[in-house]
Amino acid sequence: MGFRKQKKVYVLKFDGELDGLEVRMHGASAGEMIQFEGMKYESAEKIDELFLLFGGKIISWNFEEEDGTPIAFEPKTITIIDVVDPLKSYDRLETSAEAKGRVLKEQDLDFVFDILDAWMTAVMGVSGPLEQKSTAGTQYPEELIPMETL
C-alpha cells in the first residue's frame with residue numbers, strides 16, 4: 001500500500017476593504033503556479049484561460065450580493081457554434097471550472113486579483129512561525145562590537 005497525499009485546502013480570510021470575505025481553495029501544482037504567474041499580465045486570451053484555471057481551484061466562498069443573495073457558481077447552458085459551419089451549433093452545460101471562471105469575470109478586476117494574490121501567497125508563501133522557540137545557542141550581545149576600518 002502506497003502513500004496517498006490529501007489535497008490541501010487553503011482558507012483565505014481577508015481584512016480591510018474585503019473584511020469578512022472567506023474563500024476556500026485547492027492548491028496547485030508547480031506547473032500551474034508557473035502558468036498563473038505568467039498569465040496575470042498577458043493578453044485577453046490568456047486572461048480568459050487564467051479565469052478558467054483559477055476558478056477551478058475555488059471550492060467555496062461567502063460572497064454575497066448587496067441584498068444578501070449568495071453569489072453561487074451555478075453552471076449554465078452555453079451554446080457552442082461550429083467553427084467550420086457557423087450555421088451549426090449545440091448546447092452543453094458549463095463545467096464547474098467554466099461556471100466559476102464566468103462568475104469571476106463578472107466581478108471587479110481588483111477584487112479578483114486580490115483573491116488571486118492572496119491564494120498565490122498562501123500556496124507559495126513561507127510557512128508560519130515554528131511552534132516552539134529553539135533552546136540551542138546563546139543570545140547575541142546587547143551592544144554592538146566596535147569595528148575598525150582597515
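**Labels and their grounds**

Guide: Counted from the N terminus, the elements of the protein follow the order β-β-α-α-β-β-β-α-α. Helices (H or I, at least four residues) and strands (E, at least two) are DSSP runs, numbered from the N terminus. The model is predicted: local features need pLDDT of at least 70, side-chain atom pairs count only at pLDDT 80 or more, and totals for chains, interfaces and linings use all residues. Residues are numbered from 1 along each chain as its sequence is written, and side-chain values use heavy atoms, with hydrogens and water left out.

Visitor: How many helices and strands does the protein have?

Guide: The protein has 4 helices and 5 strands.

Visitor: Why is R102 called buried?

Guide: Buried means under 20% relative accessible area, exposed over 50%, and partly exposed in between (1.4 Å probe, protein chains only). R102 has a relative accessible area of 18%, so R102 is buried. Of the 150 residues of the protein, 26% count as buried.

Visitor: What makes R102 and E106 a salt bridge?

Guide: A salt bridge is a side-chain nitrogen of Lys or Arg within 4 Å of a carboxyl oxygen of Asp or Glu. The side chains of R102 and E106 are 3.6 Å apart, N to O, and therefore meet in a salt bridge. Salt bridges with shared partners join E94, R102 and E106 into one network.

Visitor: Why does E106 count as exposed?

Guide: The relative accessibility of E106 is 52%, so E106 counts as exposed.

Visitor: How many salt bridges does the whole structure hold?

Guide: A search of the whole structure finds 5 salt bridges. Among them is the one between R92 and E98, at 2.7 Å, N to O. Another joins E22 and K13, at 3.9 Å, N to O.

Visitor: Why are E22 and K13 labelled as they are?

Guide: E22 has a relative accessibility of 31%, so E22 counts as partly exposed. K13 has a relative accessible area of 64%, so K13 is exposed.

Visitor: What makes the nonpolar surface patch?

Guide: V9, V11 and I59 make this patch of about 190 Å². Patches are made of residues with over 30% relative accessible area and no salt bridge: like charges are joined within 9 Å, nonpolar side chains (Val, Leu, Ile, Met, Phe, Trp, Tyr) within 5 Å. Accessible areas come from the Shrake-Rupley method with a 1.4 Å probe; for residues, only the protein chains shown count as cover. I59 lies in strand β3 (residues 58-61). With a relative accessible area of 31%, I59 is partly exposed.
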